[in-house]
Structures are given as structure tokens and as C-alpha cells.
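Subject: Structure handover, with notes on charges and salt bridges

Dear colleague,

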Amino acid sequence: MGILSTFFGIVGFGIGSLVGLLVGFYLFIYSEPGEVKDPVIRPLLELDSSTLQGLLPEIPMWVKFSDFERVDWLNKFLFDIWPYLDKALCCTIRNTAEPIFAEYIGKYRIEAIEFDKLSLGSLPPIIYGLKVYETNENELIIEPAFRWAGNPNMVVVLKLLSLRITVQLVDLQVFAAPRVTLKPLVPTFPCFASIVVSLLEKPHVDFGIKILGGDVMAIPGLYRFVQETIKKQVASLYLWPQTLEIPVLDASMVAKKPVGILHVKVVRALKLLKMDILGSSDPYVKLNLTEDKLPAKQTTVKMNKLNPEWNEKFRLIVKDPETQALELQLYDWDKVGRHDKLGMQLVPLKVLTPGATKEFVLDLVKNTNINDPQNKKRRGQVIVEVAFVPFKSESSKHNGTSNGYGKSESGKSLESDESLSGAGVLSILIQGAEDVEGEHHSNPYALVCFRGEVKKTKMIRKSRNPLWNEDFQFMLDEPPLHDKIRIELKSKSRALIRAKESLGYVEINLADVVHNGRINEKFHLIDSHNGRIHAELSWTKA
């Protein structure tokens, strides 16, 4: 039976193969090909909802959302520069990875870890749309939607126990929608101090890994595990509100905010030089902080004194206690002509203990050049008491309350008046104005009026949209809960008639500033058709 069944099986296979070949040949020769129909092209408005849902993921962002811009020019730029950008990025990756690899050499019997091949491939990322946000903050927000289906060639060689193990990354795909914030904007190239990146949603990352030529991702369950692990790790680090900040410029290039108040008491001076003909001097002291553009403060003049006593107190706003210093300059007052300099001295703020008062007995010198032989001449001494009081940390909580997107309503107190009491600094940053125009000329400048004190910005000639970026500070003993500040725009010309002209004004209730901690808005000008002024106001407790 076994021999017969084998024989009939062979015969059946031969006959079946012959019949199949004959039938196939007959159909190939004598059958007529069917007519190939052209694909049906229909406009989107004629498609049903299910068909549209299947097509939407493939449609670029600039088609689906009107606020996304089409950036074909940027994709062309990336395509042309990609060969050079590939080499630059690979060099950065190599330099960043080598110290990390070095930490594992010698551990777990690893002898060496190095790149055998490193290339990002020939296919650059493609940006499917770009959205740019406009805010009142000193920043630029960009949201690109990009996809990168690359063909990288990355091979890492691991030498373990005299074995050479190769790990290769292939078929990398990354789909992401990051938010890129350039801030703060500064007048130094490239015009922003840092890049802040965050992800608006979990990215899609797909890739393959080959170890010794074998596809590891083909192992059942490993592919999904790796995908979920990457998404969780990336989301925990960079998913909004988590951010990655990349410094671009040095911190010294960024405009610094006030961090505290320096209390200075000018007590007395001893054995000053005789500058007058009658053998005496009329001394007074000018004091200011280095790296500060504010006008110097000045004591009263003590007539005919070589050992004057002032006991006068001053307050100065500190922006950087690590680099700033208190500069004291003594002059001899003259009724006619230039005032003679008696001497000067510096007190670095970094030697002060925050909150503690320290007395200094300073020997006066001619200048800060230690090699100047004239500094060896005795010029007398000045005695001062200095205390640095930093702002309270609670003020930082207010800074996040209003960030240009919204603020607390007027009249709704976030804190009780008792908790808000105490000295502080009212800061006003006049950033610019829009659509301001006078009847006869447009050379705008801004006046900041508060409690009888008036401060003025520079004048911008022939401009309807001036930019100032000038800040002013007012040191107050109590929060201005019941005060208003007036910001008025004026225009000035050299004409004899109608030389000055009002462009509008606004009055701001400072109770909102105190309760919110910070307000950054564009205010509509009263007595102006369409004019607006952009001002940032903040209150910081001392």
C-alpha cells in the first residue's frame, strides 16, 4: 500500500502540473485584458464624512487650520542645507555622546564604546505648517508641525569581553508638534537670549534596532514596550508645561530686573582736602550703583567743613548684587565753575550680608586705578552704613499671575491689605505705542506721572508706532492700593507755533498691579482715535 500510494501521488502531481500549465498558457494567450478605468477625481465637498476622516491625517496643517502658515520656502531651505546640517549635527552628537560613553568604559567589563558610522541620512525633516503667536510679552512663540521619515545610518560598536557587538539604528520616524519660544528679545544678535522648547502632545517615534545584524524589534511585545517607554520618558521631560531651555546669549546681555533695595546712610567725612582759598571746603556726596543708568543721588552741601556730618539716608534699587558696587564720590561745591573732586570709593555689594547693616570707614582715592601714584595721597575718609534688603520670595508667585494672557479682575483682592503692607518698588516699563498721530506732527515721547514726580522717555521722531523699552522705578513705603499712575503721550517739534501736542493718555489703577503683582497690557489712549500704549507694571515687596 505504501508503494502504491507513493506512485499514485507522483503521477497525480505530474498530471496536475501539466494540466495547470496548459490552462494557464491558454488563458494567457486567448484571454482579453480588461479595460483599465481611470481613477475618479472628486472635489472634497462631494466626499462623505467617513472618506474625509480617512484623508484628514494626510492633509497638511496649513490646509486644516487657517492660522498655520505654508512654509514651502523653509522646506526648500532645509533640503538644500541638510548635507551641511547633517555633518554639523553629527559632530554635536558625537561630542555629546563621547563623555557619556566614557563613563561606562571599565564597568560591566566594557572595553570601548564608539561610533562606527554616524549619519542622519539624506532626507531632511518636512514642516507641514507653522504658527506664530503674538503676545504682550517680550518673546516670540513659534509652533511648527514637522515629520521626519529619515534614513539615518547610526552604528555603535560595543567591545565587551573581547567581543565586537554592533548596534544599528534604522528606519527612524519622528512626528512632533513642539512649541518654540524665543525669549527674552534683546538688541544683540541673534536678538534672543534663550530658546525654550516644549511639546504640545506626545510625539510619535518609530525606529528599528539591529544587534549583530538581527532585528531586535521583531521580538513579540518588545516593539510596543519600547514605544510606550519612549513616549512616557519624553513626555515626563518635555511635554508642556515641562520645558527645555537652551541658553544662547550670556546672562549679562539680558536686561536685569530689580532684586532688592540698598539702604545707605552717609554718616560723616573726616580730614578732607582743603580746596578753597580760605583753607576749607564745601563738601557733598554723590552716590549711585555701578552698571546703573539712573541719576546719582546727592547729599546736602556742608559749607566750610573739613569734617562734615550728614546722617542722611538714601535708597537705591539693586539689580545684580554679585556684580554691582556702591560708588561714592565727594565734591567741593563751587558757586562758579566746575566742582572740584575730593575723592571717591567703591563698596562691592557681594561683601554684604542680606538684611544686615554694616558700617564702612573708607579711605578716599582719586580713581579706581590701583597703579595710579596719586591714590597714595591722603584725601580723608568717609563713613557710611550700608544694608542690602532683597525682595521677598513671595513676589515671585505674583509674576505668574498675569503673563500677558490674562489678569485678575479689578477689585478682587488676591491677598488681604495687611499681607500686602510694607515697602516695595513700583516698576513701569514703557515698551511702545501703536497708531499714535498728532494733528500737526508725530514726534512722540511718554511722560510717567506719579505722586507729583514726572519721568520722561526719549523722543522718537516721525513715528506712529514708537518703541522705547525704557523702565522707571518708584520706591514706596507702602503699596499704592489707592493710587493711579498717569501715562501721557506727547509730541514735540521745533516749530514756534504749536510746538507741543497731546497724543492721548491713560490712567491705571495701581490696586490691580499690587494684587496681581504684574500687569502687561496694551492700553487704549484717551483722547486718541486708535492709539494704544504698551506698558508693563509690577509691584515687588521689599
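The notes below go from the whole chain to its salt bridges and then to a charged surface patch.

This is a predicted model, in which local features need pLDDT of at least 70 and side-chain atom pairs count only at pLDDT 80 or more, while totals for chains, interfaces and linings use all residues. Residues are numbered from 1 along each chain as its sequence is written, and side-chain values use heavy atoms, with hydrogens and water left out.

The protein has eight helices and 26 strands, these being DSSP runs numbered from the N terminus (helices H or I, at least four residues; strands E, at least two). Of its 542 residues, 37% count as buried, where buried means under 20% relative accessible area, exposed over 50%, and partly exposed in between, with a 1.4 Å probe and protein chains only. The protein exposes about 33700 Å², of which carbon and sulfur atoms supply 57%, the areas coming from the Shrake-Rupley method with a 1.4 Å probe.

A search of the whole structure finds 16 salt bridges, each defined as a side-chain nitrogen of Lys or Arg within 4 Å of a carboxyl oxygen of Asp or Glu. One of them joins Glu 143 and Arg 179 at 2.6 Å, N to O; Glu 143 sits in strand S3 (residues 140–149) and Arg 179 in strand S6 (residues 178–185), 36 residues apart. Glu 143 counts as buried, at 6% relative accessibility.

Another salt bridge pairs Lys 522 with Glu 434, with the closest N and O atoms 2.8 Å apart. Because Lys 522 lies in strand S25 (residues 518–524) and Glu 434 in strand S19 (residues 424–434), this pair ties together parts that are 88 residues apart in sequence. Lys 522 is partly exposed at 27% relative accessibility, and Glu 434 is partly exposed at 24%.

Turning to the surface, Lys 456, Arg 461, Lys 462, Lys 492, Arg 494 and Lys 500 gather in a patch of positive charge. Patches are made of residues with over 30% relative accessible area and no salt bridge, like charges being joined within 9 Å, and the place of a charge is taken as NZ of Lys or CZ of Arg. Within this patch, Arg 461 is found in the loop between strand S21 (453–456) and strand S22 (467–476), and Arg 461 counts as partly exposed at 44% relative accessibility.

Notes:
Patches are made of residues with over 30% relative accessible area and no salt bridge: like charges are joined within 9 Å, nonpolar side chains (Val, Leu, Ile, Met, Phe, Trp, Tyr) within 5 Å. Lys and Arg count as positive and Asp and Glu as negative; His and the chain ends are not counted.
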